[in-house]
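Here are my notes for you to read with the viewer open.

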Amino acid sequence: MNVATDEVPRVLIVDDEPDLCELLAITLQGMGLTSDSAGTLKAARAALAQGPYRLCLCDLRLPDGSGLELIEQIQRTLPQMPVAMITAHGDVDAAVAAMKAGAFDFVSKPVNVAALRGLVDTALRLSRVRAEQVTAPTLTGDSAVMQALRVTLAKLARSQAPVFIRGESGVGKERVAHLIHAQGPRANGSFVPVNCGAIPEHLLESELFGHIKGSFTGASADREGLFQAADGGTLFLDEIGAVPPAMQVKLLRALQERAVRPVGARREVPVDVRVLSATHEDLAALVLAGRVRQDFYYRINVIEVMVPALRERSEDIAPLAADLLRRIAGGERLSLTPAALEALEGYAFPGNVRELENILERAAALCEGTQINATDLHLLTAGESALLAGAGDDLDAELGAVERARILTALQATRYNRTAAAARLGLTLRQLRYRMLKLGLN
């Protein structure tokens with residue numbers, strides 16, 4: 001074994017092919033690193049006991065066992081140390097299994113030296129971030145489900161595995177994705193969120209992969225795509241179920257090859273991106289319905305995270321509301337009366353945290369003084385909540401439609417007497433005018 005000083009990062013190579021071990025060692029040496037080699041699972045365990053190492057590169061198949069066993073051991077005993085799995089070319093199933101077991105990333109044989117250097121650099125940044133215990137923004141709430149979610153996100157931040165985030169509309173899936181990014185080695189890189197459902201189908205490929213000048217009408221200059229914009233960072237694909245099957249094939253290739261081909265280009269462009277995805281829909285059901293390809297599903301859903309609905313953690317409503325009111329009120333001091341807080345804690349919140357924010361913004365604009373009363377909240381009725389329970393992601397539009405319908409009904413019933421309509425709705429005239437202006441009913 002080679003001996004390394006404490007100042008020089010040390011890497012453990014676990015592979016039974018001497019030529020590959022030598023190539024890896026030379027590459028690492030060129031990066032200013034030292035390395036030790038182990039040809040068996042037993043030898044690797046002995047080396048780990050002597051440590052310390054900043055990174056482990058481990059072959060999947062060893063003479064006396066599987067590299068997955070070593071990954072699981074490192075996850076239990078040395079959770080701060082990243083592990084990268086070495087797999088056969090095209091063995092996607094093995095790579096997925098490795099990342100599910102806790103591997104940071106994988107590299108395929110024959111090893112691409114440039115890709116290896118990028119992987120090692122990212123892994124060392126990860127181990128340094130974990131060692132320095134850099135803090136990142138966190139999720140508000142101390143309920144049991146949120147505490148468990150925070151622990152899960154901290155583990156996922158150490159990996160490069162694709163993560164699928166599932167949850168109802170408005171629960172904060174993008175915030176969860178941002179937290180995974182912020183706590184990992186890519187924190188200094190870009191976090192690029194993309195709502196796939198908001199991009200027209202004919203523009204999706206160009207938006208994601210970019211295009212070159214003259215590739216289609218209107219392409220007056222080269223333009224990089226969102227994959228290139230996220231290079232070195234994280235790309236968050238929200239509403240992934242909205243991506244058409246033909247585009248899923250191209251995304252699948254980009255994820256597997258770590259390269260994209262801009263529209264009109266002849267060659268692929270390598271990208272170093274971690275991809276996170278999300279949807280409020282049941283992805284497995286979309287596979288059965290033929291909207292999502294099975295191979296694409298398995299590639300993006302290596303690890304699934306479920307974000308709880310707000311009604312499942314009502315004890316978090318008080319701290320959430322306090323945080324939101326501090327942001328909404330700016331320098332002013334706004335608070336909820338006990339009755340208002342009780343009303344919020346008993347409400348079903350079909351729109352989750354996003355709906356809570358909307359309710360508090362409206363109440364802050366309409367309340368008298370510095371306290372928000374229960375009557376200022378104007379929560380939806382049980383019937384209206386049921387109507388929104390199956391709503392899509394455009395919560396503002398759905399809530400606006402319900403509010404518009406109630407105001408129009410009251411106006412019609414009072415022959416458009418605004419004072420009478422306001423009284424019928426339990427609003428002041430000022431509040432009714434504000435809502436009508438907001439909804440374009442003037």
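1. A term to start with: two strands count as paired if DSSP finds at least two bridges between them. Keep in mind, too, that this is a predicted model. Now look for Ile165: its bridge partner in β15 is Ala278.

2. Two places to check by eye: Leu237 has Ser277 as its bridge partner in β15, and Asp238 stands opposite Ala278. So you meet Ala278 from both directions, since Ile165 is bridged to Ala278 as well.

3. Zoom out to the whole sheet. What is the order of its five strands? Reading across, you get β9-β12-β15-β8-β16, in an open sheet with parallel pairing. β9 (191-195) and β16 (303-306) are the edge strands; each has a single partner strand, so one side of each is left without a neighbour in the sheet. From one strand to the next, the twist averages 20°.

4. Back to β15: is this strand mostly covered or mostly open? Mostly covered, with six of its six residues buried. In a regular strand, side chains alternate between the two faces of the sheet. You can follow that along β15, where Arg274, Leu276 and Ala278 are on one side and Val275, Ser277 and Thr279 on the other, and both faces are covered.

5. Next, helix α3 (residues 67-77). Colour in Gly67, Leu70, Ile71, Gln73 and Ile74, which are buried. They cover an arc of only 165° around the axis, which puts them on the same side of α3. At the N-terminal end, Ser66 caps the helix, with a side-chain oxygen 3.1 Å from the backbone nitrogen of Leu68.

6. The largest nonpolar core has 46 residues, and the ones touching the most other members are Cys56, Leu70 and Leu153. Helix α4 (residues 92-101) gives the most to this core, with five residues. Leaving out residues up to four places away in sequence, Leu70 touches Val14, Leu41, Ala44, Arg45, Leu48, Cys56 and Cys58. Apart from this core lies another one, of 31 residues, including Ile199, Phe227, Leu252 and Phe296.

Definitions and conventions. Residues are numbered from 1 along each chain as its sequence is written. This is a predicted model: local features need pLDDT of at least 70, side-chain atom pairs count only at pLDDT 80 or more; totals for chains, interfaces and linings use all residues. Side-chain values use heavy atoms; hydrogens and water are left out. Buried means under 20% relative accessible area, exposed over 50%, partly exposed in between (1.4 Å probe, protein chains only). Helices (H or I, at least four residues) and strands (E, at least two) are DSSP runs, numbered from the N terminus. The arc is that of the directions from the helix axis to the C-beta atoms. A polar contact is a pair of N or O atoms within 3.5 Å; within protein, one must be able to donate a hydrogen and the other to accept it, and residues adjacent in sequence count only if both atoms are side-chain atoms. Axes are lines fitted to C-alpha atoms, for helices over the stretch in contact, and angles run from 0 to 180 degrees between N-to-C directions. A nonpolar core is a set of buried Ala, Val, Leu, Ile, Met, Phe, Trp, Tyr and Cys residues joined through side-chain atoms within 4.5 Å. Contact means heavy atoms within 4.5 Å.
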